[in-house]
Amino acid sequence: MISLAEPVLGEKEKQALSAVIESGWLTMGEQVKAFEKAFAEMHGETEAVAVSSCTAGLHLSLAALGVGQGDEVLVPSLTFVATVNAVLYVGATPVFVDIDSLECPHISLEDAQRNLTDKTKAVIVMHYGGYLVDLARWREFADRHQLFLVEDAAHAPGIGTVVGDAAAFSFFSNKNMTTAEGGMVLAPRSAVLEKIRAKRSHGMTTGTLDRHVGHAYSYDVTTLGYNYRMDELRAALGLCQLSHLKAWNAKRRALTKLYRQLLAKHCPTVRVPFKSSDVTAAHLLPVLLSDGVEREQVMGELRAAGIQSSIHYPPVHHFSYYRARFPNIELVKTERFCQRVITLPLSPSLEELDLEKIVKTLQSAI
Ligand SMILES: Cc1ncc(COP(=O)(O)O)c(C=O)c1O
């Protein structure tokens, strides 16, 4: 089976996990600190906060920025449901925004503008597939309307710097680097990170390690917090994975380029969103089938040939939970995109021959 996304794990990861086990200290400690520092530096920042998932990171980002009851948050519907769930966790109301176009399926700034009200407090942009949204334009938009800008950067680690008020990354096992489950938050303002750090661990003023090594005897609780901590095993994995991230992203980009060439040659009716010159961490390889092509049949034929494919994403506003809470929402471009998109395998362990097999199977399925 050629799987959609495979984690790359090796001897280094095994040794790192063994070392943590032998150290006898498993919960948030020195490995987490080292991982935070290395991740921050890679993105041109001095600090970061490691968390248990990107979902937790999005929740904490909104909470730390003071988004809550009575506020509206502009969100894409073409995203994983976690982006929107985070808005509900803080008691705010998500306002769904359409995509720009089938060629550029990012949240549309023009549609965001149309959906502004005096309750709008923040916008969450998502770097779909690893392609960065136009952050300079979004920053200008957010500043002009006095909104917080939050980046769902689950797909885009290792490229660029943070422009939003906070950015949350995912290390789930299908991401560009993994800690099995895990996430990281970056934010340019130290005060925001400080709040996120406190809320990650029940709002406590000291951690278990501080008390263990005798730096503190007790603690206070200064804010409502959660248990969204990362542990030492995951951080040790993260440090190993981070050392490969730039090379893996480069391989992903090279494979994307090759896909674009092969698809243009063998499947000219299939469109690859975005431009080959766009800045990307190349997390996904979404393609658009032309109208009239039976998507499920194509996916079935790929599966029969040992090729996994997927759909990124069913639009969030169509899920029954969201339909019930937010009925009658229509996002014409998002719906069109989501009806036609399929995601082809993309991971650094794939080679040219795999891509040829995938594209030729797609060609015959079409
Ligand atoms: C766009 C997007 N946002 C958020 C998440 C949530 O990440 P996590 O599983 O780390 O909570 C994902 C994970 O698949 C994602 O793809």
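Which residues in α3 meet which residues in α4? On the α3 side they are C54, T55, L58, H59 and L62, and on the α4 side A82, T83, N85, A86, V87 and Y89; two residues are in contact if their C-beta atoms, placed from the backbone, lie within 7 Å. This is a predicted model, where local features need pLDDT of at least 70, side-chain atom pairs count only at pLDDT 80 or more, and totals for chains, interfaces and linings use all residues. Residues are numbered from 1 along each chain as its sequence is written.

**The chain as a whole**

- The chain's secondary structure comes to 13 helices and nine strands; helices (H or I, at least four residues) and strands (E, at least two) are DSSP runs, numbered from the N terminus.
- A compact globule with 366 residues would have a radius of gyration near 21 Å, and the chain agrees, with 21 Å. The radius is taken over C-alpha atoms, and the globule rule is 2.2 Å times the number of residues to the power 0.38.
- Taken along the principal axes, the box filled by the C-alpha atoms is roughly 70 × 55 × 35 Å.

- Helix α3 (residues 54–64) and helix α4 (residues 81–89) have axes that come within 9 Å and cross at roughly 40 degrees. Axes are lines fitted to C-alpha atoms, for helices over the stretch in contact, and angles run from 0 to 180 degrees between N-to-C directions.
- α3 and α4 are therefore oblique to each other (angles under 35 degrees count as roughly parallel, over 145 as roughly antiparallel, 65 to 115 as roughly perpendicular and the rest as oblique).
- By class, the contact of α3 with α4 has seven nonpolar, four polar and no charged residues. Here Ala, Val, Leu, Ile, Met, Phe, Trp, Tyr, Cys and Pro count as nonpolar, Asp, Glu, Lys and Arg as charged, and the others, Gly among them, as polar.
- The crossing of α3 and α4 is right-handed; a crossing is left-handed if the near helix is turned anticlockwise from the far one by less than a right angle, and right-handed if clockwise.
- Around the ligand sit 14 residues, and the closest are S53, C54, T55, A154 and S170 (near means a C-beta atom, placed from the backbone, within 6 Å).
- That shell has six nonpolar, seven polar and one charged residues, and α3 and α4 each supply at least two of its residues.

**Two helices that meet α9**

- Helix α1 (residues 11–23) and helix α9 (residues 232–266) have axes that come within 9 Å and cross at roughly 150 degrees, so α1 and α9 are roughly antiparallel to each other.
- α1 passes α9 in a right-handed crossing.
- From α1, K12, E13, A16, L17, A19 and V20 meet E232, L233, A236, L237, L239 and C240 in α9. The contact of α1 with α9 has nine nonpolar, no polar and three charged residues.
- Helix α2 (residues 30–42) packs on α9 at an angle of about 30 degrees, with their axes 8 Å apart, and the crossing of α2 with α9 is left-handed.
- The α2 side of that contact is Q31, V32, A34, F35, A38, F39 and M42, and the α9 side is E232, A235, A236, G238, L239 and L242.

- Most residues other than glycine have a negative phi, and most peptide bonds are trans.
- Q146, in the loop between α6 (135–144) and β5 (148–152), has a positive phi near 50 degrees.
- The peptide bond from H312 to Y313 is cis, with omega near 10 degrees, and Y313 is found in the loop between α10 (295–304) and α11 (320–325).
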